[in-house]
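Hi there,

Here is the structure I promised to pass along.

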Amino acid sequence: MKTIEVDEDLYRYIASHTQHIGESASDILRRMLKFNAEQPVQNVQPLSAVEKAPVARQRDSVRVIRELLLSDDYSDKKKSVERFMLILSTLYSLNSESFSQTTDTMHGRTRVYFAGDGQTLLASGKQTKPRHIPGTPFWVITNTNTDRKRNMVEQIMQDMKFSANFIDKVCGTI
């Protein structure tokens with residue numbers, strides 16, 4: 001028997017399909033994948049490249065963010081706003097379409113959080129302190145508390161389909 005590591009959300013999904021106490025993860029997966037115990041797994045057709053692409057892309061995205069969090073550039077940042085800006089820039093580089101869709105709908109009661117220019121953000125509040133997100137066409141308000149910055153990153157990462165556990169780790173570094 002081999003041991004593999006899976007993300008927390010994937011483990012919860014597999015465990016949620018348990019039908020009886022003591023059922024092993026292998027039994028659950030065999031049932032979900034419609035394998036029987038006698039069927040040799042090596043005769044199963046491999047996934048096509050198209051089916052593999054989203055998983056590979058997601059793993060690459062996680063790797064990119066992990067590398068950012070471990071980088072000297074990130075660890076040298078003493079202020080949360082500086083780390084916030086680096087994370088936003090990285091998220092945009094990973095999936096600009098999802099980033100754009102999420103930020104278009106993200107706003108507070110009276111404030112707009114993201115815009116294509118600083119003037120739009122200033123118009124939604126005098127003390128917004130807009131800053132340009134490097135490498136993107138976006139500006140973001142920076143005069144928010146750290147929890148609000150974490151909430152913004154969390155919402156973007158959720159829409160980009162990162163695992164909840166990983167999102168918590170990233171937000172905890174801001």
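Predicted model: local features only at pLDDT ≥ 70, side-chain atom pairs only at ≥ 80, totals over all residues.

Residues are numbered from 1 along each chain as its sequence is written, and side-chain values use heavy atoms, with hydrogens and water left out.

Helix H5 (residues 80-94) and helix H8 (residues 146-159) have axes that come within 11 Å and cross at roughly 10°. That makes H5 roughly parallel to H8 (angles under 35 degrees count as such). Among the residues that meet here are Phe84 and Leu88 in H5 and Met152 and Ile156 in H8 (contact means heavy atoms within 4.5 Å). By class, this contact of H5 with H8 has nine nonpolar, two polar and one charged residues.

With helix H6 (residues 96-104), the axis of H5 comes within 5 Å and crosses at roughly 120°. H5 and H6 are therefore oblique to each other. Leu88, Leu91, Tyr92 and Leu94 of H5 make the contact with Ser96, Phe99 and Ser100 of H6.

Aspartate 60 forms a salt bridge with arginine 63, their closest N and O atoms being 3.6 Å apart (the rule is a side-chain nitrogen of Lys or Arg within 4 Å of a carboxyl oxygen of Asp or Glu). The two lie three residues apart in helix H3 (residues 49-70), so about one helical turn separates aspartate 60 and arginine 63. The count by this rule is three salt bridges.

Best wishes

How values were computed. Axes fitted to C-alpha atoms, helices over the stretch in contact; angles between N-to-C directions. Helix = DSSP H or I, 4+ residues; strand = E, 2+ residues; numbered from the N terminus. Parallel < 35°, antiparallel > 145°, perpendicular 65-115°, else oblique. Nonpolar A, V, L, I, M, F, W, Y, C, P; charged D, E, K, R; others polar.
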